[in-house]
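Have the sequence and the 3D view open as you read.

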Amino acid sequence: MKHPAPLLAALSSSRPRVLPLAVAMALLGSLSACGLLPKVGPDYAGPTATAPTAWQAPLPHAGQVAELGTWWNRLDDPLLPVLITAAQRESATLAQARARIAQARASAVAAGVAGMPTLDASLAAKRAAFTFGAPTTFQTTRQASLMANWEIDLFGGISRQQEEADARLTASEARWHDARVSVAAETADAYLQLRYQERRVAQAESDAASRAETARLLDTLGRAGLSPPAQVALANASAADSAATLTELKAGLDRQIKALVALTALDETGLRQRLATAAGRFPQPAAFAVDALPARLLSQRPDVAAAERDLAAANAAIGVAGAARYPRLSLSGFITPLRLNTSGDRMSATTWSLGPTLSMPVFDGGRIGANVDAARANHTAAEAAYRQKVRDAVSEVEQALIRLDAARQREADVRRAAAGYREAFIATQARQRAGLASLMELEDARRTLLAADTSLSGWEQERASAWVALYRAAGGGWAANDTDTTSPLPPAAQPGAAR
């Protein structure tokens, strides 16, 4: 076999002593992993609690906190869990939250392997022809390469990247739970509003029928000359006004049904049939205990947990930016077998290389310092956002407690007022039929009764909505160790879980 001299000169090399080098690199990696070398950036310390020491609003004292996890199943309404299940399945917000989890999980995987060795391979083959005033010479080249690289995490920059990615993954999972709870609360509120509209339509139908009957009777008496024209005109006007109100309320009810259809993607015909089975009936919330310590209750809030994880990620990002100031040490090598065939002459050779590379910034015009300053500013903003989220959470719980307590205090008065106005209307109606009261008095009593009935219905809706708001403010049953976001729905809301 013939070997051209220039090629031999290019391929010849002395064999280095690689064992001591490999041992040294492994030792440096071990020192870094054990934390014996300085780690760039501040270590994360959880934020101090900024929650008050006690609630200012009265607390409900009944039930168990664990009941929060499936609160929509405890409202004594078989249709509501079906609606929430459908809404969570169709929610674009939840779909986006799941996509962000997938992105964060992929980033965490990439960050987790950043400190591991990499190995790349390549294959190449080519055919060439050349001539120097002589017959053409053909050459076939086949080459394989195996290249390895390993960056030693001397000062913890790669480790900080892993911390940041893990924190952002946990934050995205918490936001999925927050979106889940929000969709459940939004659906429950929409359902309560629909039942309120049904109640108002039923009241308006009864009122319109009564006024129409009164107008018919007075019109008959007026034609016989037994009722003055003014009373006949007033009765007809009152009946027309009631009919117009009924038409408006029915239109509002139809809009509310269509809004619920859009929220749940259920068939409208089937939904109307199911709604008709318990028209005007409000769900009855089950009481639950609220932790007397705000800090413990707020630990159940997924949005607060997400804000805390954002703060942890921002803290790690300071180390990631600061790592650019320090030397970077990597071990790289390659091995390349080569096969040549030149006009029938065959040759094989192998080249390889192994060695460390140490790089560090010398002059960057202040770019690294600016990146560190930006990371610190982002950390300050994340800390402020976390504290604001805690304050908002405290406020939401306090407001929900106030709403619930106010509803409790109003109950006796609202019920007594409705009962009293109903008795007054019945008495006035009897007097008017006996000719002892005018039609004007009857219509005034009717309007007062309708307002009282509407107020009673509004109170029932407000009481149920206050409980929903408190469920939402208390975190909706989420727990810090609840990370199952692989399913499009939480376990309690899977199809068939609540019927």
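Glu460 has a relative accessibility of 14%, so Glu460 counts as buried (buried is under 20% relative accessible area, exposed over 50%, partly exposed in between, with a 1.4 Å probe and protein chains only). You'll find Glu460 in helix H11; helices here are DSSP runs of H or I with at least four residues, strands are E runs of at least two, and both are numbered from the N terminus. Glu460 and Leu192 are 268 residues apart in sequence, yet their C-alpha atoms are 9.4 Å apart in space.

A note on the model: it is predicted, so local features need pLDDT of at least 70 and side-chain atom pairs count only at pLDDT 80 or more, while totals for chains, interfaces and linings use all residues. Residues are numbered from 1 along each chain as its sequence is written, and side-chain values use heavy atoms, with hydrogens and water left out.

## Aromatic neighbours

H11, residues 439-473, also holds Trp467 and Tyr471, four residues apart, or about one turn of the helix. Their rings form a tilted pair, 6.2 Å centre to centre with 35° between the planes. The rule takes rings of Phe, Tyr and Trp (its six-membered ring) with centres within 6.5 Å, and calls planes under 30 degrees apart stacked, over 60 edge-to-face and the rest tilted. Both Trp467 and Tyr471 are buried.

## The four-stranded sheet

Which order do the strands take in the open sheet? They run E1-E2-E3-E4, with antiparallel pairing (two strands pair if DSSP finds at least two bridges between them). E1 (118-130) and E4 (345-359) are the edge strands with a single partner each, so one side of each has no neighbour in the sheet.

Going strand by strand, E1 pairs with E2 (residues 137-152) over 13 bridges, and Arg127 has Thr140 in E2 as its bridge partner. E2 is joined to E3 (residues 328-342) by 12 bridges, with Ala148 standing opposite Gly333. E3 and E4 share 15 bridges, and Thr336 stands opposite Thr351. E3 and E4 also make a hairpin with two residues between them, where Ser343 in the turn has a positive phi of about 50°.

## A nonpolar patch

Leu119, Leu146, Ile335, Trp352 and Leu354 make a nonpolar surface patch of about 420 Å². Patch residues have over 30% relative accessible area and no salt bridge; like charges are joined within 9 Å, and nonpolar side chains (Val, Leu, Ile, Met, Phe, Trp, Tyr) within 5 Å. Areas come from the Shrake-Rupley method with a 1.4 Å probe, and for residues only the protein chains shown count as cover. Leu146 sits in strand E2 and is partly exposed, at 37% relative accessibility.

## Salt bridges

How many salt bridges does the structure hold? There are 29, each being a side-chain nitrogen of Lys or Arg within 4 Å of a carboxyl oxygen of Asp or Glu. One of them joins Asp76 and Arg281 at 2.7 Å, N to O. Asp76 is in the loop between H2 (18-33) and H3 (79-90) and Arg281 in the loop between H7 and H8 (294-298), so the pair ties together parts 205 residues apart in sequence.

Asp254 and Arg272 also meet in a salt bridge, at 3.3 Å, N to O. This pair links helix H6 with helix H7, its residues lying 18 apart. Asp254 is partly exposed at 33%, and Arg272 is partly exposed at 31% relative accessibility.
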